[in-house]
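Subject: Structure handover

Hello,

Here is the structure for your files. My notes come after it.

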Amino acid sequence: MDFTQIRQFNFPTIIRFGAGVIKELPAYLKQNNLRKPLVVTDHVIAGLDFFKAILADLKEGGSSVEVFSDIHKNPVKSDVYKGTTQWDSTSRDCVIGIGGGAALDVARAIVLQINHREDLFKYDDLIGGDVFVTNDVPHFITVPTTAGTGSEVGRSAIIADDETHQKKILFSPKLLAKIVFADPLLTMELPAFVTAATGMDALTHNMEAFLAKNYHPLCDGIALEGMRMIANSLEKAVKNPDVESRSEMLLASMMGAIAFQKGLGVVHSLAHPLSSLLDTHHGLANAVNIPYGMKFNIEGSEDKFYRIAQTLNLKELNGDAVVKYLFDFNSKLGIPHKLRDIDVKEEHLDTLSELAFADFAHPNNPKPVTQKDFRDLYGEAL
Ligand SMILES: [Fe+2]
(Lines give C-alpha, C1' and ligand atoms only; values in the text may rest on other atoms or scores of the structure.)
Protein backbone atom coordinates (compact mmCIF):
# COMPACT_ATOMS: atom_id res chain seq x y z
CA MET A 1 0.00 0.00 0.00
CA ASP A 2 1.29 3.46 -0.93
CA PHE A 3 0.82 5.56 2.21
CA THR A 4 2.29 8.67 0.58
CA GLN A 5 -0.86 8.94 -1.54
CA ILE A 6 -3.33 11.45 -0.03
CA ARG A 7 -6.88 10.12 0.39
CA GLN A 8 -10.19 11.51 1.59
CA PHE A 9 -12.83 9.72 3.67
CA ASN A 10 -16.30 11.24 4.23
CA PHE A 11 -18.94 10.32 6.80
CA PRO A 12 -20.96 13.52 7.12
CA THR A 13 -24.62 12.54 7.59
CA ILE A 14 -26.38 13.01 10.93
CA ILE A 15 -28.47 9.90 11.64
CA ARG A 16 -31.12 10.03 14.35
CA PHE A 17 -31.92 6.36 14.95
CA GLY A 18 -34.33 4.46 17.17
CA ALA A 19 -37.91 3.30 17.71
CA GLY A 20 -40.16 6.38 17.69
CA VAL A 21 -37.51 8.86 16.52
CA ILE A 22 -39.86 10.12 13.78
CA LYS A 23 -41.69 12.02 16.53
CA GLU A 24 -38.70 14.41 16.59
CA LEU A 25 -39.36 15.63 13.04
CA PRO A 26 -41.78 18.53 13.82
CA ALA A 27 -39.45 19.96 16.48
CA TYR A 28 -36.46 19.63 14.13
CA LEU A 29 -38.27 21.68 11.46
CA LYS A 30 -39.15 24.36 13.99
CA GLN A 31 -35.57 24.61 15.29
CA ASN A 32 -34.40 25.13 11.72
CA ASN A 33 -37.10 27.70 10.90
CA LEU A 34 -38.67 25.44 8.31
CA ARG A 35 -42.45 25.59 8.01
CA LYS A 36 -43.35 24.54 4.48
CA PRO A 37 -42.03 21.07 3.64
CA LEU A 38 -42.58 19.35 0.31
CA VAL A 39 -43.02 15.72 1.39
CA VAL A 40 -41.99 13.33 -1.41
CA THR A 41 -43.17 9.72 -1.20
CA ASP A 42 -44.77 7.02 -3.36
CA HIS A 43 -48.49 6.44 -3.77
CA VAL A 44 -48.46 3.23 -1.67
CA ILE A 45 -46.87 4.89 1.35
CA ALA A 46 -49.10 7.95 0.89
CA GLY A 47 -52.04 5.72 1.83
CA LEU A 48 -50.50 4.08 4.92
CA ASP A 49 -51.45 4.96 8.49
CA PHE A 50 -47.93 5.76 9.69
CA PHE A 51 -47.56 8.27 6.85
CA LYS A 52 -50.83 9.98 7.73
CA ALA A 53 -49.67 10.11 11.35
CA ILE A 54 -46.40 11.82 10.30
CA LEU A 55 -48.38 14.42 8.32
CA ALA A 56 -50.74 14.99 11.24
CA ASP A 57 -47.78 15.55 13.60
CA LEU A 58 -46.20 18.00 11.17
CA LYS A 59 -49.44 19.99 10.86
CA GLU A 60 -49.91 19.97 14.61
CA GLY A 61 -46.35 21.31 14.90
CA GLY A 62 -47.37 24.30 12.78
CA SER A 63 -46.15 23.22 9.34
CA SER A 64 -48.00 23.74 6.08
CA VAL A 65 -47.51 20.41 4.30
CA GLU A 66 -47.64 19.54 0.59
CA VAL A 67 -47.34 15.91 -0.52
CA PHE A 68 -45.94 14.84 -3.89
CA SER A 69 -46.44 11.11 -4.56
CA ASP A 70 -46.97 10.90 -8.32
CA ILE A 71 -43.88 8.77 -9.06
CA HIS A 72 -43.09 5.57 -10.95
CA LYS A 73 -41.73 2.39 -9.35
CA ASN A 74 -38.60 2.94 -11.45
CA PRO A 75 -38.55 6.77 -11.36
CA VAL A 76 -38.34 8.81 -14.58
CA LYS A 77 -37.38 12.38 -15.40
CA SER A 78 -40.96 13.65 -15.71
CA ASP A 79 -41.58 12.57 -12.08
CA VAL A 80 -38.82 14.93 -11.00
CA TYR A 81 -40.17 17.79 -13.13
CA LYS A 82 -43.69 17.35 -11.71
CA GLY A 83 -42.37 17.48 -8.16
CA THR A 84 -40.31 20.58 -8.94
CA THR A 85 -43.39 22.27 -10.39
CA GLN A 86 -45.25 21.53 -7.16
CA TRP A 87 -42.36 23.04 -5.18
CA ASP A 88 -42.64 26.22 -7.30
CA SER A 89 -46.40 26.55 -7.24
CA THR A 90 -46.72 26.05 -3.48
CA SER A 91 -43.56 27.98 -2.40
CA ARG A 92 -41.95 25.39 -0.16
CA ASP A 93 -38.87 25.80 2.06
CA CYS A 94 -37.51 22.22 2.46
CA VAL A 95 -37.85 18.67 1.08
CA ILE A 96 -38.62 15.60 3.19
CA GLY A 97 -38.24 12.25 1.38
CA ILE A 98 -40.18 9.43 3.03
CA GLY A 99 -39.97 5.93 1.54
CA GLY A 100 -37.78 3.33 -0.10
CA GLY A 101 -35.21 3.85 -2.84
CA ALA A 102 -37.58 5.18 -5.52
CA ALA A 103 -39.18 7.91 -3.40
CA LEU A 104 -35.87 9.00 -1.90
CA ASP A 105 -34.22 9.11 -5.34
CA VAL A 106 -36.99 11.32 -6.70
CA ALA A 107 -36.81 13.54 -3.61
CA ARG A 108 -33.05 13.89 -4.05
CA ALA A 109 -33.39 14.69 -7.77
CA ILE A 110 -36.01 17.37 -6.97
CA VAL A 111 -33.59 18.82 -4.42
CA LEU A 112 -31.01 19.07 -7.21
CA GLN A 113 -33.39 20.48 -9.83
CA ILE A 114 -34.77 23.27 -7.62
CA ASN A 115 -31.66 25.44 -7.94
CA HIS A 116 -30.24 23.81 -11.09
CA ARG A 117 -32.81 24.45 -13.83
CA GLU A 118 -31.14 23.09 -16.92
CA ASP A 119 -32.19 19.73 -18.36
CA LEU A 120 -31.97 17.25 -15.47
CA PHE A 121 -29.72 14.88 -17.39
CA LYS A 122 -27.12 17.59 -17.98
CA TYR A 123 -26.12 16.70 -14.41
CA ASP A 124 -25.64 12.98 -15.24
CA ASP A 125 -22.53 11.88 -13.38
CA LEU A 126 -21.62 9.31 -16.05
CA ILE A 127 -20.94 12.16 -18.52
CA GLY A 128 -19.20 14.31 -15.91
CA GLY A 129 -22.34 16.34 -15.12
CA ASP A 130 -21.54 16.53 -11.42
CA VAL A 131 -19.31 19.56 -12.16
CA PHE A 132 -22.45 21.57 -12.95
CA VAL A 133 -23.88 20.97 -9.45
CA THR A 134 -22.54 24.26 -8.15
CA ASN A 135 -25.44 26.05 -6.42
CA ASP A 136 -26.77 25.54 -2.93
CA VAL A 137 -29.63 23.07 -2.54
CA PRO A 138 -32.68 23.25 -0.24
CA HIS A 139 -32.67 21.69 3.24
CA PHE A 140 -33.15 17.95 2.64
CA ILE A 141 -34.37 15.40 5.20
CA THR A 142 -34.78 11.66 4.62
CA VAL A 143 -36.95 9.07 6.36
CA PRO A 144 -36.41 5.44 5.22
CA THR A 145 -39.34 3.03 5.28
CA THR A 146 -37.50 -0.04 3.94
CA ALA A 147 -34.21 -1.61 5.02
CA GLY A 148 -32.35 -2.18 1.77
CA THR A 149 -31.18 0.54 -0.58
CA GLY A 150 -29.81 2.83 2.12
CA SER A 151 -30.66 5.72 -0.21
CA GLU A 152 -31.37 7.85 2.87
CA VAL A 153 -27.62 8.18 3.49
CA GLY A 154 -26.68 8.30 -0.21
CA ARG A 155 -25.50 11.15 -2.40
CA SER A 156 -26.87 9.95 -5.73
CA ALA A 157 -30.20 9.38 -7.42
CA ILE A 158 -30.92 7.00 -10.28
CA ILE A 159 -33.53 8.43 -12.64
CA ALA A 160 -34.49 6.94 -16.02
CA ASP A 161 -35.33 8.65 -19.28
CA ASP A 162 -39.11 8.52 -19.89
CA GLU A 163 -38.76 7.15 -23.43
CA THR A 164 -35.52 5.17 -23.61
CA HIS A 165 -35.65 3.93 -19.97
CA GLN A 166 -31.90 4.50 -19.88
CA LYS A 167 -30.79 5.11 -16.30
CA LYS A 168 -28.86 8.26 -15.40
CA ILE A 169 -27.01 8.91 -12.16
CA LEU A 170 -27.29 12.29 -10.49
CA PHE A 171 -24.46 12.63 -8.02
CA SER A 172 -23.08 15.26 -5.70
CA PRO A 173 -22.03 15.41 -2.03
CA LYS A 174 -24.45 18.38 -1.92
CA LEU A 175 -27.29 15.87 -2.33
CA LEU A 176 -26.65 14.19 1.01
CA ALA A 177 -29.50 14.61 3.46
CA LYS A 178 -28.81 17.11 6.25
CA ILE A 179 -30.35 14.62 8.66
CA VAL A 180 -31.88 11.13 8.52
CA PHE A 181 -34.69 10.05 10.85
CA ALA A 182 -34.31 6.26 10.86
CA ASP A 183 -37.21 4.79 12.78
CA PRO A 184 -37.46 0.96 12.75
CA LEU A 185 -41.14 1.18 13.73
CA LEU A 186 -41.87 2.48 10.21
CA THR A 187 -40.56 -0.82 8.77
CA MET A 188 -42.51 -3.17 11.07
CA GLU A 189 -45.30 -3.92 8.57
CA LEU A 190 -43.13 -4.53 5.51
CA PRO A 191 -44.31 -7.72 3.76
CA ALA A 192 -42.03 -10.78 3.99
CA PHE A 193 -41.02 -10.71 0.32
CA VAL A 194 -40.03 -7.02 0.41
CA THR A 195 -38.11 -7.59 3.65
CA ALA A 196 -36.22 -10.54 2.14
CA ALA A 197 -35.42 -8.90 -1.21
CA THR A 198 -34.43 -5.49 0.20
CA GLY A 199 -32.45 -7.23 2.96
CA MET A 200 -30.47 -9.19 0.37
CA ASP A 201 -29.80 -5.91 -1.47
CA ALA A 202 -28.30 -4.60 1.79
CA LEU A 203 -26.20 -7.76 2.20
CA THR A 204 -24.96 -7.38 -1.38
CA HIS A 205 -24.00 -3.74 -0.74
CA ASN A 206 -21.96 -4.69 2.32
CA MET A 207 -20.29 -7.71 0.69
CA GLU A 208 -19.49 -5.99 -2.61
CA ALA A 209 -18.22 -2.88 -0.83
CA PHE A 210 -15.93 -4.99 1.36
CA LEU A 211 -14.49 -6.71 -1.71
CA ALA A 212 -14.34 -3.60 -3.95
CA LYS A 213 -10.81 -2.85 -5.03
CA ASN A 214 -10.42 0.72 -3.74
CA TYR A 215 -8.49 1.30 -0.49
CA HIS A 216 -10.96 2.26 2.24
CA PRO A 217 -10.45 0.46 5.57
CA LEU A 218 -13.16 2.60 7.25
CA CYS A 219 -15.77 1.29 4.82
CA ASP A 220 -14.35 -2.24 5.14
CA GLY A 221 -14.98 -2.22 8.89
CA ILE A 222 -18.52 -0.90 8.47
CA ALA A 223 -19.25 -3.46 5.74
CA LEU A 224 -18.09 -6.42 7.84
CA GLU A 225 -20.25 -5.38 10.79
CA GLY A 226 -23.17 -4.76 8.40
CA MET A 227 -22.84 -8.34 7.09
CA ARG A 228 -22.74 -9.75 10.61
CA MET A 229 -25.91 -7.87 11.58
CA ILE A 230 -27.81 -9.02 8.47
CA ALA A 231 -26.74 -12.64 9.06
CA ASN A 232 -28.03 -12.24 12.59
CA SER A 233 -31.35 -10.54 11.82
CA LEU A 234 -32.68 -10.95 8.29
CA GLU A 235 -34.33 -14.35 8.68
CA LYS A 236 -36.05 -13.18 11.87
CA ALA A 237 -37.16 -9.92 10.21
CA VAL A 238 -38.70 -11.95 7.36
CA LYS A 239 -40.40 -14.68 9.37
CA ASN A 240 -41.15 -13.23 12.76
CA PRO A 241 -40.19 -9.54 12.86
CA ASP A 242 -39.62 -7.69 16.11
CA VAL A 243 -38.16 -4.27 16.91
CA GLU A 244 -34.68 -5.74 17.41
CA SER A 245 -34.47 -7.49 14.03
CA ARG A 246 -36.05 -4.50 12.23
CA SER A 247 -33.59 -2.16 13.98
CA GLU A 248 -30.53 -4.22 13.03
CA MET A 249 -31.71 -4.44 9.43
CA LEU A 250 -32.36 -0.71 9.19
CA LEU A 251 -28.89 0.06 10.54
CA ALA A 252 -27.19 -2.59 8.40
CA SER A 253 -28.85 -1.21 5.25
CA MET A 254 -27.52 2.28 6.04
CA MET A 255 -24.10 0.76 6.74
CA GLY A 256 -24.15 -0.95 3.34
CA ALA A 257 -24.92 2.31 1.57
CA ILE A 258 -22.26 4.18 3.56
CA ALA A 259 -19.76 1.43 2.72
CA PHE A 260 -20.51 1.35 -1.00
CA GLN A 261 -19.14 4.84 -1.51
CA LYS A 262 -16.04 2.59 -1.86
CA GLY A 263 -17.61 0.84 -4.86
CA LEU A 264 -19.82 -2.11 -5.79
CA GLY A 265 -19.09 -4.97 -8.15
CA VAL A 266 -20.09 -7.77 -10.47
CA VAL A 267 -23.35 -8.69 -8.66
CA HIS A 268 -24.90 -5.24 -9.08
CA SER A 269 -23.87 -5.25 -12.75
CA LEU A 270 -25.61 -8.63 -13.16
CA ALA A 271 -28.69 -7.27 -11.36
CA HIS A 272 -29.18 -3.85 -13.01
CA PRO A 273 -30.05 -5.16 -16.53
CA LEU A 274 -32.66 -7.53 -15.04
CA SER A 275 -34.50 -4.50 -13.68
CA SER A 276 -34.22 -2.37 -16.82
CA LEU A 277 -35.04 -5.20 -19.26
CA LEU A 278 -37.48 -7.37 -17.28
CA ASP A 279 -38.57 -5.05 -14.45
CA THR A 280 -37.19 -7.47 -11.83
CA HIS A 281 -37.16 -6.15 -8.24
CA HIS A 282 -33.63 -4.83 -7.61
CA GLY A 283 -33.16 -6.73 -4.35
CA LEU A 284 -34.44 -9.98 -5.83
CA ALA A 285 -32.11 -9.60 -8.81
CA ASN A 286 -29.14 -9.21 -6.44
CA ALA A 287 -30.27 -12.06 -4.21
CA VAL A 288 -30.43 -14.61 -7.03
CA ASN A 289 -27.12 -13.49 -8.54
CA ILE A 290 -24.99 -13.01 -5.43
CA PRO A 291 -23.89 -16.67 -4.92
CA TYR A 292 -22.70 -16.86 -8.55
CA GLY A 293 -21.00 -13.45 -8.45
CA MET A 294 -19.21 -14.31 -5.22
CA LYS A 295 -18.03 -17.67 -6.57
CA PHE A 296 -16.54 -15.75 -9.52
CA ASN A 297 -14.81 -13.36 -7.09
CA ILE A 298 -13.04 -15.91 -4.86
CA GLU A 299 -9.93 -16.22 -7.02
CA GLY A 300 -7.49 -13.50 -5.93
CA SER A 301 -9.57 -12.41 -2.90
CA GLU A 302 -9.06 -15.50 -0.74
CA ASP A 303 -7.93 -13.42 2.25
CA LYS A 304 -11.06 -11.27 2.13
CA PHE A 305 -13.34 -14.30 1.84
CA TYR A 306 -11.59 -15.72 4.90
CA ARG A 307 -12.65 -12.60 6.80
CA ILE A 308 -16.21 -12.71 5.45
CA ALA A 309 -16.49 -16.36 6.50
CA GLN A 310 -15.19 -15.43 9.98
CA THR A 311 -17.75 -12.63 10.23
CA LEU A 312 -20.58 -14.97 9.19
CA ASN A 313 -19.37 -17.45 11.80
CA LEU A 314 -18.95 -20.27 9.25
CA LYS A 315 -17.21 -23.54 10.11
CA GLU A 316 -14.96 -23.47 7.05
CA LEU A 317 -13.19 -20.15 6.57
CA ASN A 318 -13.06 -19.87 2.78
CA GLY A 319 -14.92 -18.57 -0.27
CA ASP A 320 -16.66 -21.86 -1.10
CA ALA A 321 -18.24 -21.85 2.36
CA VAL A 322 -19.45 -18.25 1.80
CA VAL A 323 -21.04 -19.27 -1.53
CA LYS A 324 -22.77 -22.23 0.11
CA TYR A 325 -23.96 -19.94 2.91
CA LEU A 326 -25.50 -17.54 0.35
CA PHE A 327 -27.43 -20.34 -1.40
CA ASP A 328 -28.65 -21.66 1.96
CA PHE A 329 -29.59 -18.15 3.12
CA ASN A 330 -31.67 -17.61 -0.05
CA SER A 331 -33.45 -20.93 0.60
CA LYS A 332 -34.32 -19.88 4.15
CA LEU A 333 -35.73 -16.57 2.86
CA GLY A 334 -37.79 -18.22 0.12
CA ILE A 335 -35.64 -16.78 -2.70
CA PRO A 336 -35.06 -19.05 -5.74
CA HIS A 337 -31.59 -20.23 -6.76
CA LYS A 338 -32.07 -19.92 -10.49
CA LEU A 339 -32.78 -17.04 -12.89
CA ARG A 340 -35.30 -19.17 -14.77
CA ASP A 341 -37.46 -19.07 -11.65
CA ILE A 342 -37.68 -15.27 -11.92
CA ASP A 343 -38.74 -15.27 -15.60
CA VAL A 344 -35.34 -14.98 -17.25
CA LYS A 345 -35.05 -16.97 -20.49
CA GLU A 346 -32.12 -18.20 -22.56
CA GLU A 347 -32.93 -15.65 -25.31
CA HIS A 348 -32.44 -12.78 -22.84
CA LEU A 349 -28.87 -13.69 -21.95
CA ASP A 350 -26.99 -12.00 -24.82
CA THR A 351 -28.74 -8.66 -24.30
CA LEU A 352 -28.37 -8.94 -20.53
CA SER A 353 -24.64 -9.60 -20.92
CA GLU A 354 -24.19 -6.54 -23.15
CA LEU A 355 -26.03 -4.32 -20.68
CA ALA A 356 -24.15 -5.78 -17.70
CA PHE A 357 -20.80 -5.14 -19.37
CA ALA A 358 -21.83 -1.50 -19.99
CA ASP A 359 -22.95 -1.09 -16.35
CA PHE A 360 -21.18 1.32 -13.97
CA ALA A 361 -20.80 -1.04 -10.98
CA HIS A 362 -18.29 -3.70 -12.08
CA PRO A 363 -15.22 -1.52 -12.73
CA ASN A 364 -14.76 -1.55 -8.92
CA ASN A 365 -15.02 -5.35 -8.73
CA PRO A 366 -11.85 -6.89 -7.28
CA LYS A 367 -11.43 -9.06 -10.40
CA PRO A 368 -11.95 -7.66 -13.94
CA VAL A 369 -15.17 -8.85 -15.62
CA THR A 370 -15.47 -9.35 -19.41
CA GLN A 371 -18.68 -9.54 -21.43
CA LYS A 372 -18.03 -13.27 -21.84
CA ASP A 373 -17.73 -13.59 -18.05
CA PHE A 374 -21.18 -11.98 -17.72
CA ARG A 375 -22.59 -14.37 -20.34
CA ASP A 376 -21.06 -17.34 -18.50
CA LEU A 377 -22.35 -16.13 -15.11
CA TYR A 378 -25.91 -15.64 -16.44
CA GLY A 379 -25.68 -19.04 -18.14
CA GLU A 380 -24.65 -20.70 -14.89
CA ALA A 381 -27.38 -18.93 -12.92
CA LEU A 382 -30.12 -19.69 -15.48
FE1 LIG B 1 -28.39 -2.26 -4.55
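This is a predicted model: local features need pLDDT of at least 70, side-chain atom pairs count only at pLDDT 80 or more; totals for chains, interfaces and linings use all residues.

Residues are numbered from 1 along each chain as its sequence is written.

Domains

The protein chain splits into domain 1 (14–187) and domain 2 (192–381), with bounds from an automatic or database domain assignment. Their centres, taken over C-alpha atoms, are 26 Å apart. Contact between them involves 21 residues of domain 1 and 21 residues of domain 2; two residues are in contact if their C-beta atoms, placed from the backbone, lie within 7 Å. On the domain 1 side, strand S1 (14–17) and strand S7 (167–171) are the elements that give two or more residues. Helices (H or I, at least four residues) and strands (E, at least two) are DSSP runs, numbered from the N terminus.

Helices H4 and H5

The axes of H4 (residues 77–89) and H5 (residues 101–114) come within 9 Å and cross at roughly 60 degrees. Axes are lines fitted to C-alpha atoms, for helices over the stretch in contact, and angles run from 0 to 180 degrees between N-to-C directions. The two helices are therefore oblique to each other, since angles under 35 degrees count as roughly parallel, over 145 as roughly antiparallel, 65 to 115 as roughly perpendicular and the rest as oblique. In H4, Asp79, Val80, Gly83, Thr84 and Trp87 meet Val106, Ala109, Ile110, Gln113 and Ile114 of H5.

Regards
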